[in-house]
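My notes follow in the order of the look-ups.

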Amino acid sequence: MTQYRDSSGRTLEDYPRPSVAVDTAVLTVPPDGRLSVVLVRDGDGWRLPGTFLHPDERLRDAALRSLRDKAGIVDLQPRLLEVFDDPDRDDRGWVLSVAHIAAAAPPRLTLDESTTRVAPVGGLPPLPYDHDRIVERAAEELRAEYRRLPDPARFLERPFTLRQLRKLHERVLGRDWHRDSFRRLMEPQVEATGEIEGGTVGRPARLWWHKDGSR
């Protein structure tokens, strides 16, 4: 096969190439906590789980590999978030980060506390390689979904009351949401189970679930 050359006669190997990293913001909401992200230990500090792209490897496979090897997280479905390409973002050299986002309810995250931690997105420790910007962008993405849809990340893994759903959305968004306006937006998007919440004081509350029935 004839080697490709551009209009100036140069081959692809004649051009400098950046390294490609894959970093993933795994978002979660701890019980009674705010929107948080999984961090992994990096020497004396913390960072997002990530890795460099290997030869002949797909970006998604690299994201899955880094979650498994760096954070012990499996069975998530990370999706592409954004490419971070500031030439000065990494003091190790010219590195592009293809950032991904994933979300998981706390029971799905079995973390080794010696090497991983969950930190609120509003109170992060210092992070290298502009990982703070990746977390900020991931939080923006998820919060935009929670302004429109009932629990799109499925943080609630059992049927819920509308109050429980609203409190979850408030923890994700970091703000209160008026009860009636929340109900008007979200109630048409969920389906009543026909059951009521048991063991409560006061008026029993109806239980709801996602209309697609996924659990």
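How many helices and strands does the secondary structure of the protein chain come to? I counted four helices and nine strands, taking helices (H or I, at least four residues) and strands (E, at least two) as DSSP runs numbered from the N terminus.

Ground rules. This is a predicted model, so I kept local features to pLDDT of at least 70 and side-chain atom pairs to pLDDT 80 or more, while totals for chains, interfaces and linings use all residues. Residues are numbered from 1 along each chain as its sequence is written, and side-chain values use heavy atoms, with hydrogens and water left out.

Entry 1, whole chain. I read the order of elements along the sequence as β-β-β-β-α-β-β-β-α-α-α-β-β. Along the principal axes, the C-alpha atoms fill a box of roughly 75 × 40 × 30 Å. I looked up burial next: 40% of the 215 residues count as buried (buried is under 20% relative accessible area, exposed over 50%, partly exposed in between, with a 1.4 Å probe and protein chains only). The accessible surface comes to about 12,700 Å², and carbon and sulfur atoms hold 48% of that (Shrake-Rupley method, 1.4 Å probe; for residues, only the protein chains shown count as cover).

Among contacts between residues at least 6 apart in sequence, 61% join residues at least 24 apart (contact means heavy atoms within 4.5 Å). For charge, I found 35 positive and 36 negative side chains, with the centres of the two sets 7 Å apart. Lys and Arg count as positive and Asp and Glu as negative, with His and the chain ends not counted; the place of a charge is NZ of Lys, CZ of Arg, CG of Asp or CD of Glu.

Entry 2, strand β1. This strand covers residues 19-28, and eight of its 10 residues are buried. Which strands does β1 pair with? I used the rule that two strands pair if DSSP finds at least two bridges between them. β1 and β6 (residues 95-103) run parallel and are joined by nine bridges, with A25 opposite I101. With β4 (residues 50-52), β1 pairs in the antiparallel sense over three bridges, and A21 stands opposite F52 there. The pairing of β1 with β2 (residues 36-42) is antiparallel too, over two bridges; in β2, V37 is the bridge partner of L27.

T24 counts as buried because its relative accessibility is 0%. Leaving aside neighbours within four places in sequence, I listed its contacts as L48, P49, A63, L67, P78, H100, I101 and A102.

Is R17 buried or exposed? R17 counts as exposed, because its relative accessibility is 56%. I checked one distance: R17 and V98 lie 81 residues apart in sequence and 15 Å apart in space, C-alpha to C-alpha.

I found E145 in helix α2, residues 131-146. Its relative accessible area is 17%, so E145 is buried. Its side chain makes a polar contact with the side chain of R79 at 2.6 Å (a pair of N or O atoms within 3.5 Å; within protein, one must be able to donate a hydrogen and the other to accept it, and residues adjacent in sequence count only if both atoms are side-chain atoms).
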